[in-house]
Structure formats: C-alpha cells, structure tokens
Amino acid sequence: MCGIIGIVGHTDVTERLVDGLKRLEYRGYDSSGVAVLDNGTLKRQRAEGKIKGLEAKLEKEHVDGQIGIAHTRWATHGVPNETNSHPHFSGRVGVVHNGIIENFLGIREELSHRTFETETDTEVAAHLVDEYLGQGDKPIDAFSKALKKLKGAYAFGLIIDGHTDQVFCARAGSPLALGVGDGEMYLGSDAMALTQLTSNLIYLEEGDWAVLTPTSYQIYDRDDNKVEREVTIIAGGPAMAEKGNYRHFMLKEMYEQPETIGRTLTNYIDEYRLASDMPAELDFSEIDRVIIIACGTACYAGMVAKYWFEQIAGVAVDVDIASEFRYRKPVLSPKSLFIAVSQSGETADTLAALRYCKEAGVKTAALVNVMTSTMAREADIALPINAGPEIGVASTKAFTSQLTALAALSLAAATSRGAVSEDEQHDLATALIKTPRLVKQALRLDDEIEAMAFEFSKSKSAFYLGRGSQVPIAFEGALKLKEISYIHAEGYAAGELKHGPIALIEDGTPVIVLAPYDELFEKTISNLQEVASRGAYIILVTDENGAKHTGDMADEIIVLPTAHDFVAPIISTIAVQLLAYHTAVHLGTDVDQPRNLAKSVTVE
Ligand code: G6P
C-alpha cells in the first residue's frame, strides 16, 4: 500500500525514480509524485491518478537533481487529489510515507501554530522535522526525535533543503529495503523497486532508521544504537512484466495458469514417486491443528484447504481473516502449525497474525509468491508458490498456485499421519499432476464464456453458489466479479441461501451454480431448482457428467473437463475468473487496476 523509492547519488535521479514507481504501482495508483533537491533546493512534481499523469507533468515541467524521493499513493487520509499527493513539504523538509500515523491529530494540535496544507496524516511528519530543525537540531537529531513522537505504521523517505548528500529513512510496521550501489544508495518499499538499480539489498528491521549518503549508509535501531544489518544479494532483477499480445495482464495471467500450476507442483510433488515432496522442517505428524490466516483471495484458498486437510489428512483446521484473527485473542497451542497465505508476503494484517503466532511459540510457515518478502523472511518456513510476478490487481494465477501448494501440503499431512494408503496417495498425487492439462482445457471455454458475459454484464447483482470445497470458489467468483466489474455479487453455501438471501431472488437474478458431479451434486442441484423456480437466471458450472444429469435446467451451462474431486475447485476457478474478466471487459472497466484497490495492502 503506497510505494516509495529514493536515490542519493551522483547523476540525475528523476527518470529512475519514476521507473521505480512504475514497478511499485501495484501498491496503489491514486496519485504519484517526485521530489528532488535541484542544486540544494526542494522541488517537486505531483499528479492525481496513475503514474502516466506524473510523467506527462514532468514532460511539461521537468524537475531533477542527484537526490530524490518518490511515491505512488493508495489514499487513506484525505481524498486522492494533487494536494494530498506525496511528497509533502514543510519548510525545508520533503517526505514520502507508507503507512498510517495514528496520532496525527494530536500532533497537528501541538503544531497548531503551523499551516497545514493537506488532509493527510503524513504531513505532520514533515512539520515535526522542520519544527525541530527550526529549534536548532541537526537533521539527524530532528529526524530521530520526530520518529519518537510518531505512533502507527510507517516507512519514510525524507530529504532536507540544502542537504544534497543525505536521505533519511525509517521503518516501523511498513516494509522498507535499502539498496547499496556504486557511489549511490537507494531505498524502496520492496526489492521489486530496487532490483533494476542494484542487487545488494538490506532489509530494515522493525524500528530501524537510516541515513544514506552516496557512498555510505548508517543504520540505527529504535533506541538510536548503531546497528549492522545483513546485505542480501538478489540475483538478477526481474524485467518489468510485459502484457505481450494480451489485452490485459489479468488475461495473460489466467492463461499462464497451466504453466504456473505446473511450476508450483514441481516444488511439492515428486512425479516419480507419485508422492508429496516437502521441506524436511515441515513435519505434520505431531501437530494438533493447522491455522491458516490470510486476506482476500488468499483467504479463500485457505478455506478450500480446510476441506482438504480435514477430509484427507484428518487434521483440524482453523481459517480466519487476518484482520480479525489477533484481535479475537485466539486460543493457540504450541502443537499447532500456522500457515500465512499471501501472494505479496507483505499484507499488514497477515504479517501481524504471523508475528502474533511466532510470539506465542507456534511454528509458522508462509506460503508466498514473493520470496524476498517480509513474511518469507520472518516465518520459520518459507514455502514458495513460484507463480511469477502477478501484475493484475485481481489475483488469478497466484490463487490457483496457492490452491495447488495447499493441496500438496494436505497430501503431505495425510501421508505423514498415515491417513492415506499408498494407493490413495498415488491417486491424489496423480490428480494434482493432471491439473495443468485440465486447466488448459478449461481455458478453451474462453470464447463461450465471453459470449455469456455479454448478457451477464447487464446485471446489477449476482449470486454464486456451491457446496463443499466449491463454497470458497463461489466466494472467490463473487469477489472477482465485484473487484473488476463493480457488479454487486455474493457467494453463498448453496444450502444456506434459503435462510435469508433467497428473498433477493427475482425474475432474471443471475445465479452461478458451481456443481461438479461429486457426492454433493444432487443436493446442489436441488438448491439450483429452488432459485430457478423463483425466476433466477441460472449459469451452471459443472463437468461432463454433471451436464448429462441436468438436461436443460440451467439457462447457460459451462461444461468443464471432468476432474478428480480433489482438484475440482481449481478447475471451477477458471470458469469464474473468465466470467468476471469478460464481464468487466464488456463494461469497459480498468481490469488490471480497478478503482479503489491496491495489490499489496500494507496498512491495517
Ligand atoms: C488485496 C488484493 C487481493 C489479495 C489480497 C491479499 O486485497 O487486491 O487480490 O488477495 O490483498 O493479498 P496477499 O498479497 O496477502 O495475497
């Protein structure tokens, strides 16, 4: 949430700062800005909306210097206009910030003799440092003193008029990395922003702050003690992902799924032994419970995993939304295994849940796509999904890779606990190995689903129903639709609809029913009929066997390839992704960067 980057060097920085911002745009795109010291004088350029707006402004009126900071914003406090865009200035100070300063109102009152220009929480940080400078403090003291006053979460980059060789930065609650260059130093919200500039990264720890000059860096801990932090070498910076011939990143990423699922599998399934292949430190044999915590789409992957772990491995699973987990003071046992599921590995609430469990002495694992992320570094065991960079804000390939990895983990748990025979183990491993091919087949329904989406896109609201492990896919289908088409949608357990929401069904209300031909098929079809008889417009998502048993009960039918029950939720996902995507395209929304969203949510 919000991306920041800074450079202190010996050549002009603006172009590189803007390039870094583009890599961080997934964190927010409400507005962006850059500030530099031009011959020692603070100058900035800012623009509402996406980074291309900033580029256009810079083209008209360029600002540059050999030291600078830049920001792409996901608005928390204050509407996303140019005034509220970072960098914020106060007197001699320019600042960019990611996070939320929780005590900003109190500080504003204390500094009521000063003029505040914005509605943001961030501006107080610039004023505080400027206030201390005015009282005669040296920049380093002013910065460290200001940090002590601020409560909440932050990653800061800060420059001071006249101080052309110093960038100040700090981290508490929001991620921040330093980059060590040749005669230049960098700071950035994540490795992604910096890998084009250097491969030598330092991840700041909680409460750390630092002063960067072109040729040196000094890190301090929260008590102002000088500290050393390890330099990590990141091999070869990833090139900016390209859309290729695809209209959107989301479409490209959906089409990558046969390959990305295959990559996930190579990590966790041994194709020769037809068995799971897990890191040695992941021992399921002694645990009493799995706790899966995540946000958004990743949480739905966790909900599917609950069915798998409980049905196949006989292990109890708690799944919770990360923002609720720690505040309900969960009862934890040291024999539990905590699994954070997160594409980015940075989501603030999921990270907080991980730390909460670590502190309670629970063994922690992080299932992530970004192996340089904070969660991957802090968890006892980092489990990669290897889906490659996901650029579309609405998660697709990361979700199916999370599902794949969790399925393999449940198989590992079943094996180590003796809950499956060797034959069953081979059967489940084989089902997983076949998944990429089935996903490829499901993607061939693209044109058919696109045609259905035309009528569907006229809807004001929709329901998604399923039973068993299809319930979380119903949730995910509804979420995908909401996120990118802005059509209101709800996912429900098919049996639950009659306990209230069925009152909303009227002539033509679209209901997407997920019903592969499994042991719950007939029950789901009964629920389908309950809504059909009340006028619902039914889109049935089933498989070849299911289609044979439903005749013309549905208005539209999506026939997926027949899959083993174990992996059926992964295959149904493809249908709901394509439906949401084509609906959004028909409606002309910004599919890859939908309004109000950000890909990585680093505030609570
Ligand atoms: C945001 C994204 C979602 C994502 C969720 C969790 O809301 O828009 O697509 O599922 O965060 O993100 P994570 O990186 O933790 O998986």
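On a 1 Å grid over the protein atoms alone, a pocket is an open set of points with protein on both sides within 12 Å along at least five of seven lines, and a molecule sits in such a pocket if more than half of its atoms lie within 2 Å of its grid points. By these criteria, the space taken by the ligand is the largest pocket of this predicted model. Local features in this predicted model need pLDDT of at least 70 and side-chain atom pairs count only at pLDDT 80 or more, whereas totals for chains, interfaces and linings use all residues. Residues are numbered from 1 along each chain as its sequence is written, and side-chain values use heavy atoms, with hydrogens and water left out.

**Ligand surroundings**

- There are 14 residues around the ligand, of which Thr-297, Ser-342, Gln-343, Ser-344 and Thr-347 come nearest, where a residue is near if one of its heavy atoms lies within 4 Å of the molecule.
- The shell around the ligand divides into five nonpolar, seven polar and two charged residues, with Ala, Val, Leu, Ile, Met, Phe, Trp, Tyr, Cys and Pro counted as nonpolar, Asp, Glu, Lys and Arg as charged, and the others, Gly among them, as polar.
- Helix H9 (residues 296-313) supplies the largest share of this shell, three residues; helices (H or I, at least four residues) and strands (E, at least two) are DSSP runs numbered from the N terminus.

**Polar contacts and cover**

- Among the pairs of N or O atoms within 3.5 Å, a side-chain atom of Ser-344 lies 2.6 Å from an oxygen atom of the ligand.
- The protein covers 90% of the 390 Å² of accessible area that the ligand has on its own, as computed by the Shrake-Rupley method with a 1.4 Å probe.

**Eight-stranded sheet**

- Eight strands form an open antiparallel sheet in the order E3-E2-E4-E1-E10-E9-E11-E15, two strands being paired if DSSP finds at least two bridges between them.
- Strands E3 (41-48) and E15 (232-233) stand at the edges with a single partner strand each, so one side of each is left without a neighbour in the sheet.
- Within this sheet, six bridges join strand E1 (residues 3-8) to the antiparallel strand E4 (residues 67-73), and the bridge partner of Ile-5 in E4 is Ala-70.

**Seven-stranded sheet**

- An open sheet of seven strands, with antiparallel pairing, has the order E5-E6-E7-E8-E12-E13-E14.
- Four bridges join strand E8 (residues 167-172) to strand E12 (residues 209-213), which run antiparallel, and Cys-169 stands opposite Ala-210 in E12.

How values were computed. Polar contact = N/O pair within 3.5 Å; in protein donor to acceptor, adjacent residues only side chain to side chain. 1 Å grid on protein atoms, 1.4 Å probe; cavity = no way out; pocket = protein on both sides within 12 Å on 5 of 7 lines; lining within 4 Å.
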